[in-house]
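Subject: Structure handover

Hello,

Here is the structure I promised to pass on. Please open it beside this note, and my findings follow below.

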Amino acid sequence: MALDYSQYDGILVARRDKILTITLNSPETLNAFTGPMHTSMSRIWDEVNDDPDVHVVVLTGAGRAFSAGGNVIAMQKKIDDPAAWEAGMPEARRIVFRMLECDKPIIARVNGHAVGLGATIAVLCDIIIAADHAKIGDPHVNAGLVAGDGGALIWPQLIGFARAKEYLFTGDLMTAAEAERIGLINHVVPADQLDEKVYELARRLAGGAMRSIRWTKQAINIPLRQLAHSMMDLSLSLETQSNLTKDHQEAVSAFAEKRRPNFSGR
(Lines give C-alpha, C1' and ligand atoms only; values in the text may rest on other atoms or scores of the structure.)
Protein backbone atom coordinates (compact mmCIF):
# COMPACT_ATOMS: atom_id res chain seq x y z
CA MET A 1 0.00 0.00 0.00
CA ALA A 2 1.34 3.42 -0.99
CA LEU A 3 2.15 5.74 1.89
CA ASP A 4 -0.20 8.68 2.45
CA TYR A 5 1.50 12.10 2.44
CA SER A 6 -1.70 14.12 2.85
CA GLN A 7 -0.92 15.01 6.48
CA TYR A 8 1.84 17.42 5.43
CA ASP A 9 0.56 20.98 5.42
CA GLY A 10 1.99 23.74 3.25
CA ILE A 11 3.24 21.39 0.57
CA LEU A 12 1.73 19.30 -2.22
CA VAL A 13 2.91 15.75 -2.76
CA ALA A 14 2.30 13.85 -6.00
CA ARG A 15 3.48 10.39 -6.96
CA ARG A 16 3.98 9.09 -10.47
CA ASP A 17 5.58 5.71 -10.88
CA LYS A 18 8.62 5.78 -8.57
CA ILE A 19 9.03 9.58 -8.63
CA LEU A 20 7.66 11.70 -5.79
CA THR A 21 7.22 15.43 -6.47
CA ILE A 22 7.15 17.69 -3.41
CA THR A 23 5.88 21.20 -4.13
CA LEU A 24 6.23 24.12 -1.73
CA ASN A 25 2.72 25.49 -1.86
CA SER A 26 2.27 29.13 -0.95
CA PRO A 27 2.39 30.74 -4.40
CA GLU A 28 0.73 33.98 -3.25
CA THR A 29 3.81 34.69 -1.07
CA LEU A 30 6.31 33.21 -3.56
CA ASN A 31 6.50 30.12 -1.34
CA ALA A 32 8.03 31.99 1.58
CA PHE A 33 8.18 29.52 4.44
CA THR A 34 5.09 29.32 6.61
CA GLY A 35 5.07 27.52 9.95
CA PRO A 36 3.28 24.46 8.54
CA MET A 37 5.58 24.34 5.50
CA HIS A 38 8.65 24.51 7.75
CA THR A 39 7.31 21.71 9.94
CA SER A 40 6.46 19.54 6.94
CA MET A 41 9.90 19.99 5.39
CA SER A 42 11.50 18.95 8.67
CA ARG A 43 9.49 15.73 8.90
CA ILE A 44 8.75 14.42 5.43
CA TRP A 45 12.26 13.19 4.57
CA ASP A 46 12.22 10.30 7.05
CA GLU A 47 9.04 8.97 5.48
CA VAL A 48 10.40 9.48 1.96
CA ASN A 49 13.57 7.64 2.91
CA ASP A 50 11.61 4.62 4.14
CA ASP A 51 8.99 4.57 1.36
CA PRO A 52 9.71 1.55 -0.86
CA ASP A 53 7.60 3.04 -3.65
CA VAL A 54 9.79 6.15 -3.99
CA HIS A 55 13.07 5.97 -5.88
CA VAL A 56 13.60 9.66 -6.70
CA VAL A 57 12.28 12.95 -5.31
CA VAL A 58 11.70 16.18 -7.25
CA LEU A 59 11.49 19.29 -5.05
CA THR A 60 9.93 22.43 -6.53
CA GLY A 61 7.73 25.45 -5.85
CA ALA A 62 4.18 26.34 -6.88
CA GLY A 63 3.61 29.31 -9.15
CA ARG A 64 6.41 31.56 -10.35
CA ALA A 65 8.99 31.07 -7.58
CA PHE A 66 10.84 28.18 -6.03
CA SER A 67 10.87 29.86 -2.61
CA ALA A 68 11.38 33.40 -1.32
CA GLY A 69 12.76 31.91 1.91
CA GLY A 70 11.87 33.53 5.23
CA ASN A 71 8.57 35.30 5.76
CA VAL A 72 9.58 38.88 6.60
CA ILE A 73 6.15 39.78 8.03
CA ALA A 74 6.40 36.87 10.48
CA MET A 75 9.89 37.98 11.53
CA GLN A 76 8.47 40.81 13.68
CA LYS A 77 6.50 38.26 15.70
CA LYS A 78 9.70 36.33 16.37
CA ILE A 79 11.49 39.51 17.45
CA ASP A 80 8.65 40.32 19.85
CA ASP A 81 8.46 36.73 21.07
CA PRO A 82 11.95 35.13 20.97
CA ALA A 83 10.49 31.86 22.22
CA ALA A 84 8.66 31.56 18.89
CA TRP A 85 12.00 31.80 17.09
CA GLU A 86 13.66 29.27 19.37
CA ALA A 87 10.78 26.83 18.90
CA GLY A 88 11.59 26.63 15.19
CA MET A 89 15.29 25.88 15.60
CA PRO A 90 14.96 22.10 16.08
CA GLU A 91 12.96 22.01 12.84
CA ALA A 92 15.58 24.12 11.05
CA ARG A 93 18.24 21.66 12.16
CA ARG A 94 16.17 18.67 11.07
CA ILE A 95 15.58 20.07 7.57
CA VAL A 96 19.32 20.13 6.89
CA PHE A 97 20.15 16.80 8.51
CA ARG A 98 17.20 14.88 7.09
CA MET A 99 17.85 16.10 3.56
CA LEU A 100 21.49 14.98 3.85
CA GLU A 101 20.49 11.68 5.45
CA CYS A 102 17.73 10.80 2.96
CA ASP A 103 19.47 8.38 0.63
CA LYS A 104 16.98 8.78 -2.23
CA PRO A 105 18.24 11.14 -4.96
CA ILE A 106 16.64 14.59 -4.63
CA ILE A 107 16.42 16.80 -7.73
CA ALA A 108 15.67 20.49 -7.26
CA ARG A 109 13.35 21.83 -9.98
CA VAL A 110 14.11 25.54 -9.56
CA ASN A 111 11.21 27.06 -11.46
CA GLY A 112 11.85 30.62 -10.25
CA HIS A 113 13.76 32.60 -7.64
CA ALA A 114 15.29 30.63 -4.75
CA VAL A 115 16.21 32.98 -1.92
CA GLY A 116 17.46 32.56 1.65
CA LEU A 117 16.17 29.30 3.10
CA GLY A 118 14.72 28.64 -0.35
CA ALA A 119 18.23 28.73 -1.81
CA THR A 120 19.52 26.54 1.02
CA ILE A 121 17.06 23.74 0.44
CA ALA A 122 17.58 23.99 -3.33
CA VAL A 123 21.34 23.57 -3.14
CA LEU A 124 21.08 20.89 -0.43
CA CYS A 125 19.44 18.76 -3.12
CA ASP A 126 21.66 16.30 -4.96
CA ILE A 127 21.10 17.72 -8.45
CA ILE A 128 19.86 21.25 -9.09
CA ILE A 129 18.23 22.23 -12.40
CA ALA A 130 17.00 25.80 -12.85
CA ALA A 131 14.93 27.73 -15.36
CA ASP A 132 16.96 30.43 -17.08
CA HIS A 133 14.95 33.30 -15.55
CA ALA A 134 15.54 32.12 -11.97
CA LYS A 135 17.84 33.90 -9.55
CA ILE A 136 19.50 32.36 -6.52
CA GLY A 137 20.93 33.98 -3.43
CA ASP A 138 21.07 34.00 0.35
CA PRO A 139 20.43 37.54 1.66
CA HIS A 140 20.23 36.67 5.36
CA VAL A 141 22.71 39.45 6.16
CA ASN A 142 20.48 41.99 4.42
CA ALA A 143 17.81 41.09 6.98
CA GLY A 144 20.34 41.49 9.78
CA LEU A 145 20.53 37.72 10.26
CA VAL A 146 23.30 35.14 10.21
CA ALA A 147 23.18 32.71 7.27
CA GLY A 148 22.94 29.95 9.85
CA ASP A 149 20.16 27.70 8.58
CA GLY A 150 22.39 25.88 6.12
CA GLY A 151 23.88 28.48 3.79
CA ALA A 152 27.18 28.71 5.66
CA LEU A 153 27.36 24.92 5.56
CA ILE A 154 26.63 24.10 1.93
CA TRP A 155 27.70 27.11 -0.17
CA PRO A 156 31.48 26.79 0.48
CA GLN A 157 31.34 23.08 -0.36
CA LEU A 158 29.85 23.82 -3.77
CA ILE A 159 31.63 26.98 -4.92
CA GLY A 160 34.63 27.37 -2.58
CA PHE A 161 35.19 29.64 0.37
CA ALA A 162 36.09 32.84 -1.49
CA ARG A 163 32.99 32.92 -3.70
CA ALA A 164 30.73 31.71 -0.87
CA LYS A 165 31.96 34.45 1.44
CA GLU A 166 31.35 37.15 -1.16
CA TYR A 167 27.79 36.03 -1.86
CA LEU A 168 26.89 35.35 1.77
CA PHE A 169 28.45 38.63 3.00
CA THR A 170 26.67 40.76 0.38
CA GLY A 171 23.44 38.78 0.04
CA ASP A 172 23.56 39.37 -3.72
CA LEU A 173 21.40 37.24 -5.98
CA MET A 174 22.93 35.62 -9.04
CA THR A 175 21.39 34.49 -12.30
CA ALA A 176 20.86 30.81 -12.93
CA ALA A 177 23.49 31.03 -15.68
CA GLU A 178 26.06 32.37 -13.22
CA ALA A 179 25.08 29.74 -10.65
CA GLU A 180 25.73 27.04 -13.25
CA ARG A 181 29.03 28.63 -14.30
CA ILE A 182 30.47 28.63 -10.79
CA GLY A 183 29.15 25.18 -9.87
CA LEU A 184 26.37 26.11 -7.44
CA ILE A 185 23.82 24.28 -9.61
CA ASN A 186 24.08 21.57 -12.26
CA HIS A 187 22.05 22.84 -15.21
CA VAL A 188 20.16 25.89 -16.47
CA VAL A 189 17.58 25.47 -19.22
CA PRO A 190 14.86 27.57 -20.88
CA ALA A 191 11.75 27.60 -18.69
CA ASP A 192 9.69 25.68 -21.25
CA GLN A 193 12.25 22.86 -21.17
CA LEU A 194 12.52 22.59 -17.37
CA ASP A 195 10.07 19.73 -16.89
CA GLU A 196 11.56 17.74 -19.75
CA LYS A 197 15.07 18.08 -18.33
CA VAL A 198 14.08 17.37 -14.72
CA TYR A 199 11.80 14.42 -15.30
CA GLU A 200 13.96 12.82 -17.97
CA LEU A 201 16.74 12.64 -15.39
CA ALA A 202 14.33 11.58 -12.64
CA ARG A 203 13.03 8.71 -14.78
CA ARG A 204 16.58 7.66 -15.66
CA LEU A 205 17.59 7.52 -12.00
CA ALA A 206 14.32 5.85 -10.95
CA GLY A 207 15.02 3.08 -13.45
CA GLY A 208 18.61 2.65 -12.31
CA ALA A 209 20.23 0.27 -9.84
CA MET A 210 18.66 1.91 -6.82
CA ARG A 211 20.67 0.22 -4.10
CA SER A 212 23.87 1.28 -5.81
CA ILE A 213 22.62 4.83 -6.32
CA ARG A 214 21.39 5.15 -2.74
CA TRP A 215 24.55 3.71 -1.24
CA THR A 216 26.65 5.97 -3.45
CA LYS A 217 24.74 8.98 -2.10
CA GLN A 218 25.33 7.73 1.43
CA ALA A 219 29.07 7.53 0.79
CA ILE A 220 29.28 10.93 -0.91
CA ASN A 221 27.35 12.64 1.89
CA ILE A 222 29.51 11.32 4.74
CA PRO A 223 31.75 14.44 4.86
CA LEU A 224 28.73 16.76 4.46
CA ARG A 225 26.97 15.05 7.36
CA GLN A 226 30.11 15.21 9.49
CA LEU A 227 30.46 18.90 8.67
CA ALA A 228 26.82 19.52 9.51
CA HIS A 229 27.33 17.89 12.91
CA SER A 230 30.29 20.17 13.57
CA MET A 231 28.61 23.38 12.37
CA MET A 232 24.83 23.47 12.59
CA ASP A 233 24.32 23.88 16.33
CA LEU A 234 26.61 26.91 16.50
CA SER A 235 25.31 28.31 13.21
CA LEU A 236 21.71 28.19 14.43
CA SER A 237 22.74 29.60 17.81
CA LEU A 238 24.42 32.56 16.11
CA GLU A 239 21.38 33.12 13.90
CA THR A 240 19.20 33.02 17.02
CA GLN A 241 21.38 35.71 18.60
CA SER A 242 21.13 37.83 15.45
CA ASN A 243 17.32 37.70 15.76
CA LEU A 244 17.72 39.96 18.79
CA THR A 245 20.01 42.57 17.21
CA LYS A 246 19.01 46.15 16.44
CA ASP A 247 20.07 45.63 12.82
CA HIS A 248 17.57 42.82 12.38
CA GLN A 249 14.80 44.97 13.83
CA GLU A 250 15.86 47.79 11.50
CA ALA A 251 15.72 45.46 8.49
CA VAL A 252 12.22 44.25 9.37
CA SER A 253 11.00 47.79 10.08
CA ALA A 254 12.47 49.05 6.81
CA PHE A 255 10.72 46.28 4.88
CA ALA A 256 7.38 47.15 6.47
CA GLU A 257 7.92 50.85 5.74
CA LYS A 258 9.14 50.18 2.18
CA ARG A 259 12.49 51.93 2.65
CA ARG A 260 16.16 51.00 2.70
CA PRO A 261 17.49 49.87 6.09
CA ASN A 262 19.98 52.04 7.94
CA PHE A 263 22.20 49.55 9.76
CA SER A 264 24.15 50.61 12.83
CA GLY A 265 26.22 47.46 13.30
CA ARG A 266 24.46 46.62 16.55
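One definition before the details. A residue counts as buried under 20% relative accessible area, as exposed over 50%, and as partly exposed in between. By that scale E101, at 27% relative accessibility, is partly exposed. Please keep in mind that this is a predicted model.

Salt bridges

The structure holds 11 salt bridges. Three of them are described here.

Start with D53 and K18. Their side chains meet in a salt bridge, at 3.6 Å from N to O. D53 sits in the loop between α1 (35-50) and β3 (56-61), and K18 in the loop between β1 (11-16) and β2 (19-24), so this pair ties together parts that are 35 residues apart in sequence. D53 is partly exposed, because its relative accessibility is 25%. K18 has a relative accessible area of 31%, so K18 is partly exposed too.

Next, R98 and E101. The closest N and O atoms of this salt bridge are 3.3 Å apart. Both residues belong to helix α3 (residues 82-101). They are three residues apart, about one turn of the helix. R98 has 22% relative accessibility, so R98 counts as partly exposed. E101, at 27%, also counts as partly exposed.

Then E257 and R259. Their side chains form a salt bridge at 2.6 Å, N to O. R259 is partly exposed, with a relative accessible area of 35%.

Helix packing

Two packed helices are described by the angle between their axes and the distance between the axes. Two pairs are worth a look.

On the α1 side, the contact is made by H38, T39, M41, S42, R43, W45, D46 and N49. On the α3 side, the residues are G88, E91, A92, R94, I95, R98, M99 and E101. By class, this contact has five nonpolar, five polar and six charged residues.

The crossing of α5 and α9 is right-handed. α5 contributes A152, L153, I154 and Q157 to the contact. α9 contributes L224, L227, A228, M231 and M232. By class, the contact of α5 with α9 has eight nonpolar residues, one polar residue and no charged residues.

Not counting residues up to four places away in sequence, M231 touches A152 and L153. M231 and V58 are 173 residues apart in sequence, and their C-alpha atoms are 27 Å apart in space.

Backbone

Most residues other than glycine have a negative phi. Which way does D17 go, positive or negative in phi? D17 has a positive phi of about 55°, although it is not a glycine. D17 is found in the loop between β1 and β2. It is exposed, with a relative accessible area of 65%.

L30 also deserves a check. Its phi is positive, at about 55°, and L30 is not a glycine. L30 lies in the loop between β2 and α1. It is partly exposed, with a relative accessible area of 29%.

A buried strand residue

Last, A114. This residue lies in strand β5 (residues 114-115). Its relative accessible area is 0%, so A114 is buried. What does A114 touch, leaving aside neighbours within four places in sequence? Its contacts are F66, S67, A119, A122, K135, I136 and G137. A114 and D4 are 110 residues apart along the chain, and their C-alpha atoms are separated by 28 Å.

Over to you.

Best wishes

Key: Residues are numbered from 1 along each chain as its sequence is written. This is a predicted model: local features need pLDDT of at least 70, side-chain atom pairs count only at pLDDT 80 or more; totals for chains, interfaces and linings use all residues. Side-chain values use heavy atoms; hydrogens and water are left out. A salt bridge is a side-chain nitrogen of Lys or Arg within 4 Å of a carboxyl oxygen of Asp or Glu. Helices (H or I, at least four residues) and strands (E, at least two) are DSSP runs, numbered from the N terminus. Buried means under 20% relative accessible area, exposed over 50%, partly exposed in between (1.4 Å probe, protein chains only). Contact means heavy atoms within 4.5 Å. Ala, Val, Leu, Ile, Met, Phe, Trp, Tyr, Cys and Pro count as nonpolar, Asp, Glu, Lys and Arg as charged, and the others, Gly among them, as polar. A crossing is left-handed if the near helix is turned anticlockwise from the far one by less than a right angle, and right-handed if clockwise.
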